[in-house]
Amino acid sequence: MQDILDVIMEAENAADPAARLRSLADVPVPASYQGMVVREDETAMFDGLATRDKDPRKALHLQEVPTPELGPGEALIAVMASAVNYNTVWTSIFEPLSTFGFLKRYGRLSALTKRHDLPYHVVGSDAAGVVLRTGPGVTKWQAGDQVVAHCLNVELEDAAGHDDTMLDPQQRIWGFETNFGGLAQLAIVKSNQLMPKPAHLTWEEAASPGLVNSTAYRQLVSHHGANMKQGDVVLIWGASGGLGSYATQMALHGGAIPVCVVSSPEKAEICRRMGADLVIDRAAEGYRFWSDEHTQDPAEWKRFGARIRELTGGEDPDIVFEHPGRETFGASVYVAKKGGTIVTCASTSGYEHQYDNRYLWMSLKRIVGSHFANYREAWEANRLVDLGRVHPTLSKVFPLEQTGQAAYEVHRNTHQGKVGVLCLAPAEGLGVRDQAKRARHLPAINRFRGV
């Protein structure tokens, strides 16, 4: 592993970095590597505890694991940096169910996929790094390529997947429904998960947009989601968070009018730094959409809708960018304009949504479900980052051994934007190849840092 890292670090200052990285093809692949895992024999450790009281730090372990065999159409990457997503939190607290069920089902698919059915699960659905090896049939990528990985794992043997790969019956999220994820020194991906690493970003910055940026792109911009157009009023819940911070940038650059909903003055200020003018601090304004655990308060929906109209000059949202779920969904359906769209994913506050159907059916509104992104959507979202139109929202970085703490902070919502993790990278700030381009965008790249 040290030999691999030495080559990558030497390329940082080499006259021809690409040529130096190509030599990784001659470096032996280690028989094992360190990965952040959850263990099958610990899946009952939080039984009886409320979700909030389940602590990811107790379930996530840094463990030496064998390097798996590389299959056809796959790539082995040296992971320089990764990031924590909410699916890492779900995995670490075994909610809504243990991911070992996913691994067992995938393992039954073929002799090759049986590799994934193990008593440990190497987690993580983001990565930036360098290709070490490619399996038979891979022609687009080779050893030494600097890459980021999106998290769509798909077999593409079924006709259903060839119009939209997210509809393939064998579609999975890498590092959540598969093993060998990105919170590790090495990772195995399908080669069609790879995209070029933006040259103006560090490893940790490049690793942070993948899952959430692609998810926001499909949910908001793609014709598979809300199909946002210029002039649309877009209500964005959690607008300074992992998903919302990318949705806010896409709305602004797409000519839409974001109405950003946040929960503190600090988060409101971040939205303004991104360029958003219309911001609602729901905590300061005291919105309580549930009067008790079982009863929503329509009067609060109406108060919230009136506040949106006050900010927009009388307009209701054309699009509601929904991901909190249970806590906010009734309000989201209510405030969307007649004929508007509520596009939903994640449900981080609960999966069982309740809303008054009269406000949906009689006002011809639509609810659209959205889940991650297909390869084209992920590629387009990554292109926006490479162009400097959308920027990483990285606020904090942890070493690999402290992934549990990183997941804990995401679980308790004490973070802003995205939380990164250094894997093989020995320090922050490495991996930049285009300093001039970086200098042009540095204030935007850093606007979430330390917040």
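The structure is a predicted model, in which local features need pLDDT of at least 70, side-chain atom pairs count only at pLDDT 80 or more, and totals for chains, interfaces and linings use all residues. Residues are numbered from 1 along each chain as its sequence is written, and side-chain values use heavy atoms, with hydrogens and water left out.

I begin with the chain as a whole. The protein chain has 15 helices and 20 strands; these are DSSP runs numbered from the N terminus, helices being H or I of at least four residues and strands E of at least two. Its radius of gyration, taken over C-alpha atoms, is 22 Å, close to the 22 Å that the globule rule gives for 451 residues, so the chain is as compact as a globular protein of that length. That rule is 2.2 Å times the number of residues to the power 0.38. Of the 451 residues, 60% count as buried, meaning under 20% relative accessible area with a 1.4 Å probe, protein chains only. Of the contacts (heavy atoms within 4.5 Å) with a separation of 6 or more, 74% join residues 24 or more positions apart.

I turn now to helix packing. Two packed helices are described by the angle between their axes and the distance between the axes. Here, axes are lines fitted to C-alpha atoms over the stretch in contact, and angles run from 0 to 180 degrees between N-to-C directions.

How do α7 and α8 cross? The axes of α7 (residues 210-221) and α8 (residues 244-253) come within 9 Å and cross at roughly 50°. The two helices are therefore oblique to each other, a class left over once angles under 35 degrees count as roughly parallel, over 145 as roughly antiparallel and 65 to 115 as roughly perpendicular. On the α7 side, the residues in contact are Val212, Asn213, Ala216, Tyr217, Leu220 and Val221, and they meet Tyr246, Ala247, Met250 and Ala251 of α8. This contact holds nine nonpolar residues, one polar and no charged.

Helix α8 also contains threonine 248. At 0% relative accessibility, threonine 248 counts as buried. Leaving aside residues up to four places away in sequence, threonine 248 touches Ile236, Ala239, Cys260, Met274 and Ala276.

Conventions
Ala, Val, Leu, Ile, Met, Phe, Trp, Tyr, Cys and Pro count as nonpolar, Asp, Glu, Lys and Arg as charged, and the others, Gly among them, as polar. Buried means under 20% relative accessible area, exposed over 50%, partly exposed in between (1.4 Å probe, protein chains only).
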